[in-house]
Amino acid sequence: MKEESNRVELLSPAGDTERLGAALEFGADAVYLAGQGFGMRTAPSNFNREELQKAVHLAHEKNVKVYLTCNTVPHNEELARLPDFLRFAQSVGVDALIIADFGVLAMAKTYAPDVVVHMSTQTGVANYASANELYNLGASRVVLARELNLEEIAEIRAKTPKQLEIEAFVHGAMCVSFSGRCLLSSYLTGRDANRGDCAQPCRWEYALVESKRPGQYMPVFEDKNGTYILNSKDMCMIEHIPEMIQAGVTSLKIEGRAKSAYYVSVVTNAYRNAIDEYYRNPKQKLSPWIAEELNKISHREYSTGFYFGHEPGQVYENGGYVREYDVIAVCEKYEDGVATLSQRNRFFKGDTADILEKGKKPYLLTLDELFDEYWNPIGSAPHAMMTVYFKTDHPIAKGAILRKKRV
């Protein structure tokens, strides 16, 4: 694990082994992930016992900490499985348990006493009194409610023990509910959001139906712009790292365990570079390319959430994503003037590739000499995962991601 320092921690999501690898490759200080139960995301494959043990070993080899989510609100019938889950988590060496429920907290102290506890954002910590009480109950960190502004966070930092760490979200999707505690999914689909199975009904388009006029749908307008009245914008604080650090935040958390490995790579890389730039020169303005990277992933319209007070936080026009780039290939190796590429989406000879490498400003290359696995010249790469040889004098790092802007 990384040595303790005064530097802020960058905490990245890992929904499976591939996404874990992306977080480790692109500079996370810590990752958070789930086992096969008790995690707030069931959409990603998560980690079975063997995979979790390997994940902890791999992360620790790279001096990266592993935080295991145990942050559902379990029902009675689920509790019998919890002691074994907690014992196993301790045995494989996870660095912390992320917990939302006070009963689970008590059981963690009994069955995994050597593992520190982080209280989840679902606990709804919005004031220093709650933070202090959780510290007294044994928590080493609180993940603050997303509804706080920076002044409130600074006050919590000032009125809590220095040993209590403060974690806050810095990027990703936001729920329409308070700190992620939502009942919409349970009511409308029977899928319990508080047990990791949210169907995201807040992203749906709604209409009004009068009981005597079935089938006649009238739009629900919050204003003239549209009807997606519950659809939250995504959070993006890439240009406000200094303010987050100065408010006393210990760990900057990226949302997205259900997002792709590409998302994890790009967002982790952007925040890694933003943090490192700040520590090199706190007065330096953020390099424009770093913020621009976050427009190259699928995202909803961005906002700064509640950090600077209330700002319009909903997207009324639609429930979809902004998608401006596609991943077209990953570089497997480069030697003797040839990059070996593994195709991800169709691309053509003559396309301009936007290339992302760890810790570097992206650069552009024209794909002008392409060959198939038998060294036949090709005009396109249409087949998923096909091997493509690209002749270029520019060395491309192993693991580099090649992207193409949509037209």
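Reader: To start with, what joins the side chains of Lys404 and Asp351?

Author: The side chains of Lys404 and Asp351 are joined by a polar contact of 3.2 Å, where a polar contact is a pair of N or O atoms within 3.5 Å, and within protein one must be able to donate a hydrogen and the other to accept it, while residues adjacent in sequence count only if both atoms are side-chain atoms. Before we go on, please keep in mind that this is a predicted model, in which local features need pLDDT of at least 70 and side-chain atom pairs count only at pLDDT 80 or more, while totals for chains, interfaces and linings use all residues. Residues are numbered from 1 along each chain as its sequence is written, and side-chain values use heavy atoms, with hydrogens and water left out.

Reader: Where is Lys404, and which residues does Lys404 touch?

Author: Lys404 belongs to strand S21, residues 401–405; helices (H or I, at least four residues) and strands (E, at least two) are DSSP runs, numbered from the N terminus. Not counting residues up to four places away in sequence, Lys404 touches Glu324, Tyr325, Asp326, Ile328, Arg346, Phe347, Phe348, Asp351 and Thr352, and contact here means heavy atoms within 4.5 Å.

Reader: How many helices and strands does the protein have?

Author: The secondary structure comes to 10 helices and 21 strands. Of the 407 residues, 52% count as buried, and the cut-offs are that buried means under 20% relative accessible area, exposed over 50%, and partly exposed in between, with a 1.4 Å probe and protein chains only. Among contacts with a separation of 6 or more, 67% come from residues 24 or more positions apart.

Reader: Let's turn to helices, then: at what angle do H3 and H4 pack?

Author: Helix H3 (residues 82–92) and helix H4 (residues 102–111) pack at an angle of about 55°, and their axes are 9 Å apart. The axes are lines fitted to C-alpha atoms, for helices over the stretch in contact, and angles run from 0 to 180 degrees between N-to-C directions. H3 and H4 are therefore oblique to each other, since angles under 35 degrees count as roughly parallel, over 145 as roughly antiparallel, 65 to 115 as roughly perpendicular and the rest as oblique.

Reader: And which residues make that contact?

Author: From H3 the contact takes Leu82, Pro83, Leu86, Arg87 and Gln90, and from H4 it takes Val104, Met107, Ala108 and Tyr111. Sorted by class, the contact of H3 with H4 has 7 nonpolar, 1 polar and 1 charged residues, where Ala, Val, Leu, Ile, Met, Phe, Trp, Tyr, Cys and Pro count as nonpolar, Asp, Glu, Lys and Arg as charged, and the others, Gly among them, as polar.

Reader: What about H2 and H3, at what angle do they pack?

Author: Helix H2 (residues 49–61) and H3 pack at an angle of about 30°, with axes 10 Å apart, and that makes H2 roughly parallel to H3. Arg49, Leu52, Gln53 and Val56 of H2 meet Asp84, Phe85, Phe88 and Val92 of H3 in this contact, which by class has 5 nonpolar, 1 polar and 2 charged residues.

Reader: Changing topic, is Arg19 buried or exposed?

Author: Arg19 counts as buried, because its relative accessibility is 10%. Arg19 lies in helix H1, residues 17–25, and its side chain reaches the backbone oxygen of Lys259 at 2.7 Å.
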